[in-house]
Amino acid sequence: MTVLTRRAGKAAAEQRPPAPKRHSGERIWAFAFASPYLLHLVALAAWPLLASLFFSMTDYDLVSEPRFVGFGNFTRMFGDDVFWRTLGNTAYFAVLFVPTQTALALGLAIALNQRLRGMALFRAAYFVPVVSSWVVVAYVADAVFNPQTGLANQVLDFFGLPAENWLQDPALVIPTLAAVAVWKGVGYMMVLFLAGLQAIPEERYEAAKIDGASAWNRFRYITLPGISGTTFLVLVLTSIETLQSFEQVFVMTDGGPHGASELTVLHLYRQGFQFFQMGYASAIAWVLFVLVLALTLVQFRLQRRWVHYA
Amino acid sequence: MRKTLSYVLVTAGALVMLVPFVAALSNSLKSFAQYIQVPPTWIPDPVQWDNYAEVWRRTPFGLYLTNSIVIAVLAVVGNVLTSAMVGHALARMRLPGKQALLTMALGTMMLPTVITIVPNFLLFRSLGWLDTLAPLIVPYWLATPIGIFLMRQTFLGIPKDFEEAASLDGANPWQVFWRIHLPLAKPALATLAVFTFTTSWKAVLEPTIYLTSPENYTLPVGVLSLKGQFVGNDQLVTAAAMMSLLPMLVVFVLAQRYFVRGTMSAGLKG
């Protein structure tokens, strides 16, 4: 995102007009145009940040007034086994999901980044799961991973392998969810990578070919550095999203079997909207927020080592 | 050689993407006996088209559909209009604190939704908006950071000559925006519109939290609620899920290039 700010700054500098004579009320007009976002900042950014910080230090059940409890919710969280388990589940899910999706999206983008006949059609096929809601995906996934009637066990059976219980097996539920999430999200990330690949100047490849560089070396020394910026963006976006993953487990497993797929935001949702412990839910939200922030900062620091901006 | 390999890889991938949809579609056309039959049949026999009619007969599916459409359309109109206005202010108008506003837009883009769930619920509760469609629409009328960035970028690229000519003719800033800049930004507006539509159509978390009466449900929440209602009739829920995807697919097929363009511009922005 540093690039974004830098570019935005540059664009703004270019934009600064040589101040021709303007409408006298222009500032008022500009203010009026910007007013929806000013309201947004107050109601949908500043308020939630401050309010959730306040509520995280209270006991609040929506009925009686919030009662100040200091860091009580946070100490409770540290002793809450379910919280730690959901954090572990979330991390496990992220470790399986993020690298797999990124690698697959890159591979597909490279395969699609040439003049293939019917390329638009292929791209569309990869995008259908992207535009589907998780509710639709849950039923599509059931057609595949249903232990009795699903495609997956049919395929295993074809190869003479034993059937699995997939989403109903505590050991397999998170890997299965991660596979479904990759299936759903890979098309979007693939298009991001396609954009990155198409921004690499063709001459670099031509020059490398003339110098006799092998296909692997061209990939290693031109393609990979060329798309490192996109890769960084994809990694930041997906890890932020993954830490907050909720809809998929809410719809597909409801955290089961036996809490094996309960992710942290599902825990938050239950505390807040099923047990009406808004204070405790806010405390969980803040811990997650800090984790997301920390992870993003670490990624920004690490990017200096491997991201090249041409 | 390399092309052949790519074809094989890409086709295999496309099959992996689409075959599950076909399997679910097949499930939605089975009788329950066939739905649970082991080993499964691929082609339903007989094909029970009536499952789809049954969903309409036995559920308020039409209401869910209407709610989803009303929310999505109003969200699209609101987000496109307000994001364009704010983007226009940031790109073409003399706004004090412009740079600070831009930085804050960037910051809110990184703000995780998880932090907003509880406070927004409380905010909408105090406004008396729970169990109405308002919490699912009104936020889109306050512009979205992504929309602002997309529109600002677009307006920056429009030459100044038009606007100067119009100003000389006595047009006020709103007329410049509405009659000159907005029509020139049509592709970006379309991109933002399809993205907003998709986000709104797919949402599960927000409608789950804000809506309690079945007559206010959107399609995802409505279909989800059928799960408990149709125990032993999973083929009907699958049919309902397939139907809830249909309008989205139509929009996607009609506006495919805007989806791709939008995703690409999101990537280039980073």
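1. Ala285(A) and its contacts. Ala285(A) touches Ser52(A) and Leu268(A), along with Val114(B), Ile115(B), Ile117(B) and Val118(B), not counting residues up to four places away in sequence. Contact here is C-beta atoms, placed from the backbone, within 7 Å.

2. Basis. This is a predicted model: local features need pLDDT of at least 70, side-chain atom pairs count only at pLDDT 80 or more, and totals for chains, interfaces and linings use all residues. Residues are numbered from 1 along each chain as its sequence is written, while chains are lettered from A and ligands numbered from 1 in the order in which they are written.

3. The core. The largest nonpolar core has 157 residues; Met190(A), Ile284(A), Ala285(A) and Ala240(B) touch the most other members. Such a core is a set of buried Ala, Val, Leu, Ile, Met, Phe, Trp, Tyr and Cys residues joined through C-beta atoms within 7 Å. Buried means 20 or more other C-beta atoms within 10 Å of a residue's own, with C-beta atoms placed from the backbone. Helix H8 (residues 173-198) of chain A gives the most to this core, 17 residues. Helices are DSSP runs (H or I, at least four residues), numbered from the N terminus. Domain 1 (1-48) and domain 2 (59-269) of chain B both give residues to this core, so it lies between them. The domain bounds come from an automatic or database domain assignment.

4. Domains of chain B. The centres of domain 1 and domain 2 of chain B, over C-alpha atoms, are 33 Å apart. Eight residues of domain 1 of chain B contact seven of domain 2 of chain B. On the side of domain 1 of chain B that touches domain 2 of chain B, H1(B) gives the most, with four residues.

Terms used:
Contact = placed C-beta atoms within 7 Å. Helix = DSSP H or I, 4+ residues; strand = E, 2+ residues; numbered from the N terminus. Buried ≥ 20, exposed ≤ 12 C-beta atoms within 10 Å, placed from the backbone.
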